[in-house]
Amino acid sequence: MKVRIGLEIHVQLTCLRSKLFCSTPSNYYDKPPNTCVCPVCLGLPGVLPVPNKKAIEAALMVALALNCEIAPKIVFVRKHYFYPDLPKNYQISQYDGPGMIPYARNGYLTIVVDGVKKIVRIRRINIEEDPGRLTYPTGSMITSPYSMVDYNRSGVALLEIVTEPDMESPKEARAFVEKLMAILEYLGVTDTSIEGAFRVDANVSIEGGERVEIKNIGSMKDVEKALNYEILRQRKVLESGGKVLREVRHWDPHKKVTVPVRGKEFEEDYRYFPDPDLPPIIVTKEWLEEIRRKMPELPDARIERFTKQYGLDEYRANILVLSKWLADLFEECAKMYSDYKKLADWLITDFLRWVKELNIDPKKRSWNPRSIVSLLQAMDRGLISVRMAKELMPKVVAEGIDVEKFIEEQKISKITDEKLLESIALEVFRENPKAVKDALKNPKAINFLVGGVMKKTRGRADPELTVKIVKRLLEAVEKGELSI
Ligand code: MN
């Protein structure tokens with residue numbers, strides 16, 4: 001049964017200092033309620049909105065990065081609905097209708113899932129203002145005796161990005177969101193780590209069923225989880241002979257389920273019309289060119305450059321580039337270390353694993369490329385074994401140690417003393433006579449003996465030398481020169 005997924009993503013332009021139509025600061029995140037407001041974003045009578053040029057430029061940049069057709073005029077419309085968080089009773093937004101057009105349409109971006117490239121089409125992008133926010137004294141709509149409204153968010157510049165239903169699995173949807181977030185980060189328009197700056201709604205249908213909309217998915221991981229849950233739910237309904245209803249459901253991130261939203265079962269009539277307070281903004285070719293020139297290198301271009309300049313395959317280049325901080329760190333290290341593939345491998349496996357394990361927010365850290373390079377170089381020079389390098393990695397991640405200095409101070413460099421290793425190997429032989437017999441018959445079984453030496457030296461034995469010594473001792477046993 002074929003699955004079709006489309007996404008609708010709201011992104012705040014957090015790069016801006018002020019809101020979309022007034023000069024009120026847009027950085028409301030840790031401010032007390034209703035302190036980031038003015039008559040315009042409170043929707044008081046008699047005020048006039050003035051578009052924020054920086055917001056329009058950021059929006060145009062996103063449209064260019066997503067390969068969209070850009071309308072020659074930006075037309076703002078009024079989208080009417082009644083809700084306490086919307087003081088004007090209309091939201092200034094954009095619409096596709098007579099005399100109205102979204103500023104950007106027919107774009108696309110490329111995702112890679114399991115090594116397969118895929119194009120996801122973007123239907124349109126709107127520029128609009130964020131509404132305010134309802135808050136509840138107990139934190140929950142159900143248990144609170146009343147609700148409160150905070151207009152700090154009201155009027156913050158927002159992009160609404162809508163895709164075609166081109167994704168066929170939750171994994172693809174997640175890859176899309178990851179790629180989109182990376183592009184926004186490279187453009188520097190949105191800090192996606194700010195809570196609420198990035199909100200996803202998804203619609204999903206299974207062949208033979210109706211389309212279901214899932215609202216309120218707050219994080220990238222939840223996109224995949226919510227869709228997995230919803231597809232399983234729809235499959236069960238269809239398999240038991242039932243019908244999937246066309247409905248709106250809410251993602252509950254705590255219970256990890258989608259639940260139907262009551263009371264909103266019909267398409268609302270928003271009575272869209274062009275906002276008479278806002279004359280259309282003309283987008284000239286010159287303006288677009290100027291914006292294009294200011295755009296930084298984007299993920300796709302960087303991935304291509306990584307394959308050419310560093311000889312990396314697309315798989316590795318993709319993982320590095322999609323995390324901008326990691327790609328930046330890679331390039332810093334690459335100035336000092338030229339085995340690029342080895343560098344990439346250590347970064348995307350052990351290094352990344354420890355960043356996660358130690359719960360580090362990588363974007364808020366200043367990384368020391370020297371430390372990573374010192375680890376790789378110590379390994380190359382034979383000062384430490386691979387296993388020791390793995391053991392030192394958490395110190396590289398957490399403290400940025402200089403590995404060579406560290407092993408000198410701690411006296412933990414690799415053991416290359418042949419006599420010492422031989423005596424340890426003999427111990428291992430004596431303790432494991434059966435393993436010695438096995439190894440005489442089956443050459444593969446020597447790994448057990450080598451492993452025994454490694455265990456006794458806590459990974460410090462030089463692996464190649466140890467293999468050589470174990471083989472030599474086995475030969476001696478075979479010839480009867482050594483008895484154990
Ligand atoms: Mn919207």
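Me: At what angle do the axes of helix α12 and helix α14 cross?

Reply: Please bear in mind that this is a predicted model. To describe a helix pair, one states how close the axes come and at what angle they cross. Here the axes of α12 (residues 418–431) and α14 (residues 446–456) come within 9 Å and cross at roughly 120°. The crossing of the two helices is right-handed.

Me: Which residues in α12 meet which residues in α14?

Reply: One lists the residues on each side of the contact. From α12 come Leu421, Ile424, Ala425, Glu427, Val428, Phe429 and Glu431, while α14 supplies Leu449, Gly452, Val453 and Lys456.

Me: Which protein atoms are the donors of the manganese ion?

Reply: The manganese ion has as its protein donors His10 through NE2, and Glu128 and Glu160 each through OE, at 2.0 to 2.2 Å. Along the sequence, these donor residues follow the spacing H-x117-E-x31-E. The two glutamates link distant parts of the chain: glutamate 128 belongs to strand β7 (residues 116–129) and glutamate 160 to strand β10 (residues 157–163), 32 residues apart.

Me: Is glutamate 128 buried or exposed, and is glutamate 160 buried or exposed?

Reply: The relative accessible area is compared with a cut-off. Glutamate 128 has a value of 2% and therefore counts as buried, since buried means under 20%. Glutamate 160, at 5%, is also classed as buried.

Me: Where does glutamine 377 lie, and what does it touch beyond its neighbours in sequence?

Reply: One gives the element first, then the contacts. Glutamine 377 is part of helix α9 (residues 369–380). At 18% relative accessibility, glutamine 377 counts as buried. Not counting residues up to four places away in sequence, glutamine 377 touches Met336, Tyr337 and Arg370.

Me: How may lysine 395 be described, and how exposed is it?

Reply: Lysine 395 is located in helix α10 (residues 386–399). With a relative accessible area of 29%, lysine 395 is partly exposed. Leaving aside neighbours within four places in sequence, lysine 395 is in contact with Gly400, Ile401 and Phe406. Tryptophan 354 is 41 residues from lysine 395 in sequence, and their C-alpha atoms are 9.4 Å apart in space.

Definitions and conventions:
Residues numbered from 1 in each chain as written. Predicted model: local features only at pLDDT ≥ 70, side-chain atom pairs only at ≥ 80, totals over all residues. Heavy atoms only, no water. Axes fitted to C-alpha atoms, helices over the stretch in contact; angles between N-to-C directions. Helix = DSSP H or I, 4+ residues; strand = E, 2+ residues; numbered from the N terminus. Left-handed = near helix turned anticlockwise from the far one by under 90°. Contact = heavy atoms within 4.5 Å. Buried < 20%, exposed > 50% of the residue type's maximum accessible area, 1.4 Å probe, protein only. Donors = N, O, S within 2.8 Å, 3.2 Å for Na, K, Ca; no water.
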